[in-house]
Amino acid sequence: MRFAGFGGTYEGSSFGELLEIDHPHMRADWTELVPRNGTSISVPHGTTVLAFKFAEGVIVAGDRLATEGYRVASRDVQKVYATDGHSMIAIAGAAGPAIEMARLMRIELEHYEKIEGEALELDGKANKLSQMVRANLPAAMQGLVVVPLFAGYDLRRRQGRIWKFDVTGGRYEEAEFESTGSGGLYARESLKKLHRSDAPKAEALETAVQALQNAADEDRGTGGIDMVRRIFPTVIYCSERGIEQAGEEEIASAFQRSVRSDRGEGARA
Amino acid sequence: MSIPFYVSPEQVMQDKAEYARKGIGRGKSSITLEYRDGILLMAENPSSLSKIGEIYDRIAFAGVGKFSEFDQLRKVGVRYADVKGYAYSRDDVRARALANAYSQAMGDVFTREMKPLEVEVIVAEVGDPELAGHEHNTIYRIQYDGSISDHENYCVIGGQSDELGSFLQSRYQPTLPLGEAVALGRAALERATNGRSSVPPQNLEVCLLEKARIGRKFRRLATDELNQLLAG
C-alpha cells in the first residue's frame with residue numbers, strides 16, 4: 001500500500017536499499033568524487049583500532065588520531081562506535097567514508113529492528129557490514145580504503161565474537177584478537193603477548209591501552225594517550241548486559257599502571 | 001451505456017465514515033498516557049503481532065483497527081523518520097511533522113479510495129529535558145478520515161475510546177509513577193470488556209518512552225517485568 005505524502009516504492013527492511021531505491025541522491029558515491037586518472041587525493045586517514053575477547057565478552061579500542069599524509073588532520077576523531085545495544089564497529093582507513101559507513105551501519109541495524117520487530121543475529125549484522133565494505137570496493141580501488149573491525153556479544157551463543165574484513169568484503173571471524181590500521185601490526189604483536197581471553201575487565205583495559213601505546217610508539221600515524229590535552233583512546237566493552245564505554249579516569253589509571261609495569265616497577269607498586 | 005445513480009457527496013462520506021467506524025469498533029482499544037518519567041503506551045493484545053512500535057529516538061506509534069493497514073502506516077513512519085534523521089539530524093525528527101504526514105495520507109485515502117482505512121493511530125513523542133525547546137511530551141491522534149488532534153495527559157483510540165476516556169478522566173493524575181500508571185491503564189482496558197473479565201498481564205502489550213534513557217527512549221516491557229509492576 002502506498003500513502004500520499006510519504007512517497008517511495010521500497011517495501012523491504014534495509015535502510016541502504018531504501019536510500020538506493022527511493023532517495024538515490026542521498027547516497028554517497030565516492031567513485032564519482034575521486035579522480036580516475038590514477039592520481040590519488042589526500043584525505044584524512046584513521047589509524048589503529050583493535051578488538052579482543054575478555055572474560056565477559058569483547059573489548060574494542062581505537063586511538064584518536066587522524067592523519068593526512070604527514071600532517072595531523074584531527075587529534076580527537078572517534079573510530080569506535082556502538083552500532084546497537086550489543087555490537088560495535090571500529091574503523092580504519094579513509095576517515096570520511098569510514099565514519100559514514102559506521103553511521104550507516106548503525107542506522108541499518110536500527111532500521112531493520114524497527115521494521116521487523118526484532119534485531120538481526122550477530123552473524124547477520126557482520127554479513128550486512130561485509131556487503132557495505134564490498135560496495136565500497138570501487139572507491140577503495142581509487143584510494144578510499146575502508147577496513148572495519150566488527151565485534152559484539154552473541155546473545156544466542158553467549159560469547160563475544162570478532163570479525164575482520166578485507167576491501168573485497170571478505171569476512172573473517174577471529175578466534176581471539178585482531179587489529180587493523182597503520183599501527184595494527186604493532187598492536188597485534190602486543191596483544192599476542194599480553195592478551196588472555198579469560199582476563200577480567202580491568203586487565204583487559206590495561207592490555208588494550210598497552211597495545212595502543214605500543215602502536216603509537218612504533219607508528220607515527222597512531223596517536224598515544226595525550227595527558228596534556230587529556231585525549232584518551234575510545235574503549236568500549238560489550239557483554240551480555242550490553243555496551244559500556246570506559247571512562248577517561250579509568251583509562252588514565254590503566255595507562256599509569258601500564259607505564260609503571262613497563263618500567264619494572266609493577267611489583268613494587 | 002448505463003447511467004450511474006446519483007449519490008450525494010454527503011452520503012458517500014457518511015457511508016465511508018460509518019464503514020470505517022464499524023471496522024475500528026470491532027477491535028480493542030489502545031491507551032497512551034503520560035506518567036511521571038515519560039509516556040506509557042498499552043493495549044490489550046494476546047497475539048504476538050504488535051500494535052505498538054518504535055518510530056525513532058523519542059517517538060512511538062500505536063494503532064488500532066485493521067492490523068495490515070496500521071502496520072503499513074507504522075512502517076512508512078519508520079522509513080520517513082530514518083530518512084529524515086539521516087538527511088538532517090536525529091533531533092530534527094519530530095512527532096508533529098510525522099503526525100501531519102499521517103493525517104495527509106489517511107485523509108487522502110478517505111476521500112479518494114473506495115474503501116477508507118479502518119484504523120486510528122497515535123504518534124507520541126516524549127520530551128527531552130536536556131534539549132531546550134524539546135522538553136514537553138506530545139501526543140497526536142489521527143483518525144480514519146485524517147482528522148488530527150493533540151492531547152495532553154492521556155489519549156484513547158479504538159472502539160470504546162469515549163467510555164475509556166471518561167473512566168481515565170476521573171482517575172488520572174499527571175505525576176503517576178510507572179506501576180500506578182500501568183495499573184490504571186489495565187483497569188481502563190478491563191472496563192472495555194464490560195467488567196466481564198480481567199486482563200492478565202500476558203495479554204497486555206506495554207511499551208514506554210522513558211525520558212531518562214540515553215538515545216533510543218523506546219522500551220518494550222517483558223511479561224515478567226509487567227507482573228512485578230502490577231504486583232508491587
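In this predicted model, the axes of helix α4 (residues 161–171) of chain B and helix α5(B) come within 9 Å and cross at roughly 145°. Axes here are lines fitted to C-alpha atoms, for helices over the stretch in contact, and angles run from 0 to 180 degrees between N-to-C directions. Since the model is predicted, local features need pLDDT of at least 70 and side-chain atom pairs count only at pLDDT 80 or more, while totals for chains, interfaces and linings use all residues. Residues are numbered from 1 along each chain as its sequence is written, with chains lettered from A and ligands numbered from 1 in the order in which they are written.

**The α4–α5 pair of chain B**

- The crossing of α4(B) and α5(B) is right-handed; that is, the near helix is turned clockwise from the far one by less than a right angle, anticlockwise being left-handed.
- From α4(B), the contact draws on Glu163(B), Leu164(B), Phe167(B), Leu168(B) and Arg171(B), and from α5(B) on Leu184(B), Ala188(B), Arg191(B) and Ala192(B). Residues are in contact if their C-beta atoms, placed from the backbone, lie within 7 Å.
- Sorted by class, this contact has 6 nonpolar, no polar and 3 charged residues. Ala, Val, Leu, Ile, Met, Phe, Trp, Tyr, Cys and Pro count as nonpolar, Asp, Glu, Lys and Arg as charged, and the others, Gly among them, as polar.

**The sheet of chain B**

- An open sheet of 5 strands runs in the order β8-β1-β2-β9-β10 (chain B), with antiparallel pairing. Strands pair if DSSP finds at least two bridges between them; helices (H or I, at least four residues) and strands (E, at least two) are DSSP runs, numbered from the N terminus.
- β8 (154–157) and β10 (218–220) of chain B are the edge strands, each with a single partner strand, so one side of each has no neighbour in the sheet.
- From one strand to the next, the twist averages 15°.
- Strands β2 (residues 38–44) and β9 (residues 204–210) of chain B run antiparallel and are joined by 7 bridges. Gly38(B) has Glu210(B) as its bridge partner in β9(B).
- Helix α5 (residues 178–192) of chain B lies across β1 (30–35), β2 and β9 of chain B, at about 155° to β1(B).

**Where the chains meet**

- 17 residues of chain B are in contact with 15 residues of chain A.
- On the side of chain B that touches chain A, β3 (52–56), α2 and α3 (95–112) each supply at least two residues. α2(B) gives the most, with 10 residues.
- That side of chain B divides into 8 nonpolar, 4 polar and 5 charged residues.
- Helix α2 (residues 95–116) of chain A and helix α2 (residues 67–87) of chain B have axes that come within 10 Å and cross at roughly 165°.
- The contact joins Ile107(A), His111(A), Lys114(A) and Ile115(A) of α2(A) with Lys75(B), Val78(B), Asp82(B) and Tyr86(B) of α2(B).

**The sheet and confidence of chain A**

- In chain A, 4 strands form an open sheet in the order β5-β4-β1-β8, again with antiparallel pairing.
- β5 (71–74) and β8 (93–94) of chain A stand at the edges with a single partner strand each, so one side of each lacks a neighbour in the sheet.
- β1 (residues 45–46) and β4 (residues 66–68) of chain A pair over 2 bridges, and Gly46(A) has Ala66(A) as its bridge partner in β4(A).
- Chain A has a mean pLDDT of 90, and 93% of its residues reach 70 or more; pLDDT is the predictor's confidence in each residue, from 0 to 100.

Conventions:
Contact = placed C-beta atoms within 7 Å.
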